[in-house]
Amino acid sequence: MVSLYLPFWPTDRVRKRLGAGAPAPDAPLALVGRAGRRRVVLSVDPAARRVGLRPGTPVAKAQALHPGLTVMDADPQGDREGLEKLALWFQQRIAPIVAPDPPDGIVLDTTGADHLHGGEQAMLAAMVQRLRDTGIAARAAVADTLGAAHALARHGRARMLVVPPGGAVAAMAELPVAALRLPDDIVDGLQALGVSRISPLAGMPRAPLALRFGPEVARRLDQAFGRVGEAIVPLRPVEPVEVGRNFAEPIGAAETIARMIGTLVPPLCRMLEERGQGGRCFDLLLHRVDSRAEAVRVATGRPVRDAGRVNRLLCEKIETIDPGFGIERMVLTASWTEPMGMRQAVSLLGEAEEPDISDLVDILANRVGTQALYRLAPVESDMPERACCRVPALAPDETKEWPDRWPRPMRLLPRPEPVQAMAELPDQPPVFFIWRGVRRKVRCADGPERVFGEWWKEDAEWTTARDYFRVEDISGARFWIYRAGDGEHGETGSQGWFLHGIFG
C-alpha cells in the first residue's frame, strides 16, 4: 500500500492556478476559512511555516504578527476536486486501485504493479519527483497496510520510506498517537494520560481503553498492524455516454449506414439529457468484418443534445467511411461532455428570438476544420500586432473593446514592411515613401500617434517607441506607416520607416 502525503496541497494548488500572478516563493502565504464562528488559518505554505505560522491560528493574530503575510480564501471544494483529478492521473499511469485520501493525500494499492515501474523504491521516487516537477511537495511511504502507510507518510522522519513486509509494528513504534487517524478528543485524552507514542499505547490492555475511549483505538491499532483488513474504495472515472449496435449481416451502403446512425443518436441524446449534459465531441466507431475499424469524429462549438443536429453532422461524414467487406458493429460515444441546463423557450408576448448560428458554425467547422474557422477578439495591448487574437467562432463575447481614440486600418500586414521615406522634421509625416518599388507622394496626413513598447513583457522594449501616421497619396490610397523611434534618440528605435496597414 502506498500513501502519498501532500503537506502543502492547498497552497501548492493556489500557486499553480495563479501562475505568474502568484506571490513570490519566499513570501508567506496562508489560506483562511471559518472554524465555527472564528476566521482561522486553514493551510500555510513552507515560507509561512518557517516564520512560525500554523493552521488554526486566528487570522487577526497571524496578520498582526506577520505584516507581510499574503492571505487568501480557502477553497475546500476545489481542493477535493483537484485531489480527485490527481488521483485519476495516478490511476491511469501507476496502478488501477487509487483513491483520494482527503484532505491532503492519495492512497494506492500497487500490489502486482510495482515491478512495472522498476520496484517499489524506484516507483516511489518517480512519483515524488513527478509531483515536484509540477510544483507539488510530497512525502510517500510504502507499507503492508493502509494505516501504516498513512502514518509513516505524515509523521515519519523520512521523506520516502519503504517498509519491508512485516515491519509495520517496528516502524510505527515511535510515531505519535495522532498518526493512527484518531479523533482529536481521543488524542487529547490519551495525552492527558501520558500516552503520546504508539508503542506504549499498543502494549496497554484493551478493556480499559475501550471502556474510556470506545472501540476506535483498538480498531485503528489492528488496522495499522494488519490484524484487521481495511479496504480502499478506488476512484471510478465517470462512465462515458455510449451506445452501440451489432448487425446480424454486415452493412456497407451509405443509406444503410445513415439509417443506423439515426437509430443510435436519439438514445445517446436521451442519456445526455438524463445526466444534464451536452456533447461537444462525438465519436462514431465502425468495426469491419476484417477486424479493422473506421472512426468518424464531429465536434460542436457549444454543448448540444439535439438528435437531429448530431445526426446531420455525423451523416455528412459518411463519404469518408470505407466499409470494406462490411461493417458488423457501430459504437457512438460522446467523448467530450459539458454541463447543459434547460433553456427557456421564447414566450408568446412578442419577445424576439435570439438568432442561433451555432448549427451553421458546426457544419462549416466540421467541413473545413475547427482551426480554420475563428473570429478576432480584442486584447489589451498597446502594440497593434498584439491587440487581437483568434478565438473560436462561438466563444463568449469579450467585455474588452478596441480603443477608438485613433482609427485603425481594416487590414494589417502580417509583419510591418520597411519603406524608404523622407520627412522634413522628426514630428512631421513623410513627404513621400517608396513601397514595393513604387514611389508614392503624400498629399495629406494625420499624426503622429506615439506608441511605446510594452516593457513589462519584453526587456528589449523598455525604451522603444513608434510614431504612427495616417497618410494619403495623390491617388487617394490611404496607408498606416510608422517610424521606429522618436526621430531624435537612437535608443528608442532604428528611426527607419515601416508600412503596417492599409485603410479600406
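In this predicted model, helix α4 lies across the strands β1, β5 and β6 (105-109), and the helix runs at about 160 degrees to β5.

The strands named here belong to an open sheet of 5 strands, which follow one another in the order β5-β6-β1-β7-β8 with mixed pairing. The edges of this sheet are formed by β5 (97-101) and β8 (160-162), each of which pairs on one side only. On average, and with direction ignored, neighbouring strands of the sheet are turned by 10 degrees against each other. Within the sheet, strand β1 (residues 2-5) is paired with strand β7 (residues 139-142) in the antiparallel sense, over 4 bridges, and valine 2 has valine 142 in β7 as its bridge partner.

Helix α4 (residues 76-93) also packs with helix α1 (residues 9-18), in that the two axes come within 11 Å and cross at roughly 85 degrees. Because crossing angles of 65 to 115 degrees count as roughly perpendicular, α1 and α4 are described as roughly perpendicular to each other. The contact brings together Trp9, Pro10 and Arg13 of α1 with Gly78, Asp79, Gly82, Leu83 and Leu86 of α4. When these residues are sorted by class, the contact of α1 with α4 comprises 4 nonpolar, 2 polar and 2 charged residues.

Terms used
Residues are numbered from 1 along each chain as its sequence is written. This is a predicted model: local features need pLDDT of at least 70, side-chain atom pairs count only at pLDDT 80 or more; totals for chains, interfaces and linings use all residues. Side-chain values use heavy atoms; hydrogens and water are left out. Axes are lines fitted to C-alpha atoms, for helices over the stretch in contact, and angles run from 0 to 180 degrees between N-to-C directions. Helices (H or I, at least four residues) and strands (E, at least two) are DSSP runs, numbered from the N terminus. Angles under 35 degrees count as roughly parallel, over 145 as roughly antiparallel, 65 to 115 as roughly perpendicular and the rest as oblique. Contact means heavy atoms within 4.5 Å. Ala, Val, Leu, Ile, Met, Phe, Trp, Tyr, Cys and Pro count as nonpolar, Asp, Glu, Lys and Arg as charged, and the others, Gly among them, as polar. Two strands pair if DSSP finds at least two bridges between them.
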